[in-house]
Amino acid sequence: MAKYKFTKEYGFRASAKMLYPYLSTIQGLSEWFVDKVWVDDKHIFHFEWQGEPLKAVMKIHKVNAFVKYEFFPKPEDTGKEPANYVDFHLNTDELTGITYIKVTDFSEMNDELELNEMWDNFMYTLKEKVGG
């Protein structure tokens, strides 16, 4: 199945230092992004959305700057396609003080309207949590 790359930026009236834990820790992620999340002793993230389990690794990260989660293939995947991932980049506008989270969602999901709505809802929930 073909993959689709969705990218969108969201502005927050909060510092990168304040936002980063919401993107990189199990406690932070569970407050706005997933129903359940835990990390095992091999540093594998176990995510659950509406009863659907997914496993991922934090592929790369830089404190207060970015984090990328690369998902393990599902059993039905052939393994010949690049892995699905979600990437969060933080960038602060020095003039306005607004910190932008640039979301990149690379997966089989290719409905632009549905992706927009899903990420808008996620970011709305995150804004409610951080007050920004």
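How many bridges pair β2 and β3, and in which sense do they run? The answer is four bridges, antiparallel.

Some housekeeping. This is a predicted model, where local features need pLDDT of at least 70 and side-chain atom pairs count only at pLDDT 80 or more, while totals for chains, interfaces and linings use all residues. Numbering starts from 1 along each chain as its sequence is written, and side-chain values use heavy atoms, with hydrogens and water left out.

Okay, the overall layout. The chain has three helices and seven strands, and along the sequence the pattern reads β-α-α-β-β-β-β-β-β-α. Those are DSSP runs numbered from the N terminus: H or I with at least four residues for helices, E with at least two for strands. On dimensions, the C-alpha atoms fill a box of roughly 45 × 35 × 25 Å along the principal axes.

Seven strands make an open sheet, ordered β1-β7-β6-β5-β4-β3-β2, with antiparallel pairing. By pairing I mean that DSSP finds at least two bridges between two strands. β1 (4-12) and β2 (36-39) are at the edges with a single partner strand each, so one side of each has no neighbour in the sheet. Neighbouring strands are turned by 20 degrees against each other on average, direction ignored.

Two pairings to zoom in on. β6 (residues 85-92) and β7 (residues 99-107) are antiparallel and joined by eight bridges, and asparagine 91 sits opposite tyrosine 100 in β7. Then our opening hairpin: β2 and β3 have four residues between them, and histidine 43 in the turn has a positive phi of about 65 degrees. Lysine 36 has glutamate 48 in β3 as its bridge partner.

What lies across the sheet? Helix α1 (residues 16-24) lies across β1, β3, β4, β5, β6 and β7, at about 175 degrees to β6. Helix α3 (residues 112-130) lies across β1, β3, β6 and β7, at about 30 degrees to β1. Axes are lines fitted to C-alpha atoms, for helices over the stretch in contact, and angles run from 0 to 180 degrees between N-to-C directions. Contact means heavy atoms within 4.5 Å.

On to the core. The largest nonpolar core has 33 residues, and those with the most contacts inside it include Trp32, Phe47, Phe88, Ile101 and Trp119. α3 gives the most to this core, six residues. A core here is a set of buried Ala, Val, Leu, Ile, Met, Phe, Trp, Tyr and Cys residues joined through side-chain atoms within 4.5 Å. Buried is under 20% relative accessible area, exposed over 50%, partly exposed in between, with a 1.4 Å probe and protein chains only. Beyond four places in sequence, isoleucine 101 is in contact with residues including Leu19, Leu23, Phe88, Met123 and Leu126.

Last stop, serine 107, found in strand β7. Is serine 107 buried or exposed? Buried, with a relative accessible area of 11%. Its side chain makes a polar contact with that of aspartate 105 at 3.3 Å. A polar contact is a pair of N or O atoms within 3.5 Å; within protein, one must be able to donate a hydrogen and the other to accept it, and residues adjacent in sequence count only if both atoms are side-chain atoms. The backbone nitrogen of methionine 109 lies 3.2 Å from a polar atom of the serine 107 side chain.
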